[in-house]
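Here are my notes on this model, for someone opening it for the first time.

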Amino acid sequence: MKAKIIDFINHLIVYDYLLFGGIFILFLLLLILAIALKNKMILAIFLVLLAFGVLTAGSVGGYIFLHHYLFKNKVTLYELKALEFTEALLLKGEIKNTSKRSFKECTLYAGVHKVTHNRYLDRIYPSFPFKKSSLRLRENIAPGESVPFKLFVEPFRYTKDYNITIKGECR
């Protein structure tokens with residue numbers, strides 16, 4: 001957990017600092033406004049709750065939206081093959097930079113989930129894959145360019161119907 005937090009902090013960019021600073025200033029302004037309106041207790045409590053909501057949900061949602069906007073990419077799978085002599089699943093494809101910024105590194109996350117032919121469970125299962133794998137590409141990808149990749153999901157022994165979800169997070 002400590003390594004993930006340090007990795008997160010090391011990969012912050014200027015836009016992240018601006019986002020978090022703006023959210024913190026808005027948090028402080030809402031708290032000051034709540035203190036100023038202490039005679040109207042219901043409104044003050046609402047403003048305090050709103051301030052903490054902005055601080056938590058605004059930080060998480062803003063970070064996700066900002067990085068989704070700044071680092072758009074498209075992952076395409078060309079080949080999906082269950083290997084015969086090894087208990088592994090091979091995924092071949094490419095990741096394309098569709099943003100206006102260069103990528104220094106990309107991490108691909110693949111998940112394998114069941115197919116049940118039940119429309120409710122088929123909507124839930126992609127959120128909870130039973131097998132996961134990831135691959136970190138440390139290549140510079142210019143806007144409009146793409147880079148091929150090979151990703152192995154191992155050990156993989158599942159013989160029934162399954163689907164693959166794959167996404168890329170780039171920086």
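1. Leu89 in strand E2 is the bridge partner of Ala82. Strand E1 (residues 73-82) and E2 are antiparallel and pair over nine bridges; two strands pair if DSSP finds at least two bridges between them. Helices (H or I, at least four residues) and strands (E, at least two) are DSSP runs, numbered from the N terminus. E1 and E2 make a hairpin, with six residues between them.

2. On the source: this is a predicted model, in which local features need pLDDT of at least 70 and side-chain atom pairs count only at pLDDT 80 or more, while totals for chains, interfaces and linings use all residues. Residues are numbered from 1 along each chain as its sequence is written, and side-chain values use heavy atoms, with hydrogens and water left out.

3. Leu89 also belongs to the largest nonpolar core, which has 21 residues; Leu89, Leu91 and Ile95 have the most contacts inside it. At least two residues of this core come from each of helix H3 (41-70) and strands E2 (89-97), E3 (106-114), E5 (146-153) and E6 (162-170). A nonpolar core here is a set of buried Ala, Val, Leu, Ile, Met, Phe, Trp, Tyr and Cys residues joined through side-chain atoms within 4.5 Å. A second, separate core has seven residues, including Ile23, Leu30, Ala34 and Ala51.

4. E4, E3 and E6 form an open sheet in the order E4-E3-E6, with antiparallel pairing. Strand E4 (131-137) and E6 are the edge strands, each pairing on one side only. From one strand to the next the twist averages 15 degrees (axes are lines fitted to C-alpha atoms, and angles run from 0 to 180 degrees between N-to-C directions). E3 and E6 pair over nine bridges, and His113 has Asn163 in E6 as its bridge partner.

5. How many aromatic pairs does the structure hold? There are six, where rings of Phe, Tyr and Trp (its six-membered ring) pair if their centres lie within 6.5 Å; planes under 30 degrees apart count as stacked, over 60 as edge-to-face and the rest as tilted. Phe27 and Phe52 are edge-to-face because their planes stand at 70 degrees, with ring centres 5.2 Å apart. This pair links distant parts of the chain, Phe27 in helix H2 (residues 14-36) and Phe52 in helix H3, 25 residues apart.

6. Is Phe27 buried or exposed? Phe27 is buried, at 8% relative accessible area, whereas Phe52 is partly exposed at 42%. Buried means under 20% relative accessible area, exposed over 50%, and partly exposed in between (1.4 Å probe, protein chains only).

7. One aromatic cluster consists of Phe8, Phe20 and Tyr63.
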